[in-house]
Amino acid sequence: MTTFSIIGTGTMANAIGGVLADGGSSVTYIAKDEVGTAELSGDVVVLAVPYPAVAGIIAAYGDRFDGKTVVDISNPLDFETFDSLTVPVGSSAAAEIQAKLPNAHVLKAFNTTFAGTLVGKTIGGLPTTVLIAGDDATAKQALAAAVEAGGVTAIDAGSLSRAHELEAVGFLQLTLAASEKISWTGGFAVAR
Ligand SMILES: NC(=O)c1ccc[n+]([C@@H]2O[C@H](COP(=O)([O-])OP(=O)(O)OC[C@H]3O[C@@H](n4cnc5c(N)ncnc54)[C@H](OP(=O)(O)O)[C@@H]3O)[C@@H](O)[C@H]2O)c1
């Protein structure tokens with residue numbers, strides 16, 4: 001059984017934690033005021049926080065991330081303009097996190113699935129699909145297995161370099177929902 005520590009207690013923390021718990025995984029949550037003091041007990045740590053909060057969390061835990069799988073779920077938008085990402089052009093939040101945590105296995109996942117589609121496990125009549133990018137095959141397989149056990153489809157989307165494309169998809173989907181062209185329970189589905 002994979003064990004998860006989810007940093008954050010908000011909408012996505014609960015949606016992701018619900019799927020993982022449905023699949024029989026052990027899930028513990030770390031609230032904002034526990035960051036740095038609560039133990040990272042899980043083999044996998046999910047950063048269910050806004051991207052600007054990640055730097056402080058990395059500073060608080062430092063080398064306690066070593067050897068862990070770290071899941072970045074963020075869509076690092078400039079929320080003032082809704083017109084660009086805040087990460088360097090061609091890069092991604094996940095790549096920036098991996099550079100700061102060279103001894104962890106960083107995965108990008110969940111950023112293309114609105115919380116409501118994880119809770120409902122369907123989108124437009126299709127199963128909800130979590131796209132996972134990362135460089136460590138074992139880490140990706142463990143996350144995919146835990147997600148699938150919880151009743152949500154998972155697909156290996158390639159190396160961590162694909163986080164750039166996943167963040168572009170997440171960015172577009174967010175702008176469509178924020179401008180009320182799609183609903184927050186809609187978005188991009190994956191048909192196979
Ligand atoms: N919502 C979605 O459908 C969706 C979909 C895909 C990806 N995402 C991504 O998921 C992440 C979380 O979004 P959300 O919708 O779950 O947001 P949310 O409901 O506002 O929850 C954010 C969580 O992060 C915590 N937090 C905020 N600042 C922090 C800090 N400096 N240090 C530690 N914890 C901090 C908050 O704690 P407090 O409540 O105590 O402030 C809260 O528990 C974001 O990166 C977002 O881009 C969201």
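This is a predicted model: local features need pLDDT of at least 70, side-chain atom pairs count only at pLDDT 80 or more; totals for chains, interfaces and linings use all residues.
In what follows, Ala, Val, Leu, Ile, Met, Phe, Trp, Tyr, Cys and Pro count as nonpolar, Asp, Glu, Lys and Arg as charged, and the others, Gly among them, as polar. By class, its shell holds 13 nonpolar, 8 polar and 1 charged residues. Of the 22 residues around the ligand, those that come nearest are G10, T11, M12, A53 and S74. Two elements each give two or more residues to this shell: helix 1 (11-22) and helix 2 (51-61). Helix 2 gives the most, with 4 residues.

Now step back to the whole chain. You will find 6 helices and 9 strands in it. Along the principal axes, the C-alpha atoms fill a box of roughly 40 × 35 × 30 Å. How does the radius of gyration of the chain agree with that of a compact globule? For 192 residues such a globule would have a value near 16 Å, and the chain has 15 Å, so the two agree. Buried residues make up 43% of the 192 residues.

As for confidence, the mean pLDDT of the chain is 98, and 100% of its residues reach 70 or more. Among the elements, strand 7 (residues 126-127) has the lowest mean, 97, while strand 4 (residues 69-72) has the highest, 99.

Next, look inside. In soluble globular proteins, nonpolar side chains tend to be buried together. Here the largest nonpolar core has 50 residues, of which I16, V46, L47, A48 and V71 touch the most other members. Helix 1 supplies the largest share of this core, 6 residues. Take I16 as a guide: leaving aside neighbours within four places in sequence, I16 is in contact with I6, V46, A48, F110 and L118.

Is V70 buried or exposed? The cut-off for a buried residue is 20 or more other C-beta atoms within 10 Å; V70 has 27 within that distance, so V70 is buried. Not counting residues up to four places away in sequence, V70 touches V45, L47, F65, I97, L101, A104, H105 and V106. One more pair to trace on screen is V70 and A94: these residues are 24 apart along the chain, and their C-alpha atoms are separated by 9.4 Å.

Note on methods: Residues are numbered from 1 along each chain as its sequence is written. A residue is near a molecule or strand if its C-beta atom, placed from the backbone, lies within 6 Å of it. The radius of gyration is taken over C-alpha atoms; the globule rule is 2.2 Å times the number of residues to the power 0.38. A residue is buried if 20 or more other C-beta atoms lie within 10 Å of its own, exposed if 12 or fewer, and partly exposed in between; C-beta atoms are placed from the backbone. A nonpolar core is a set of buried Ala, Val, Leu, Ile, Met, Phe, Trp, Tyr and Cys residues joined through C-beta atoms within 7 Å. Two residues are in contact if their C-beta atoms, placed from the backbone, lie within 7 Å. pLDDT is the predictor's confidence in each residue, from 0 to 100.
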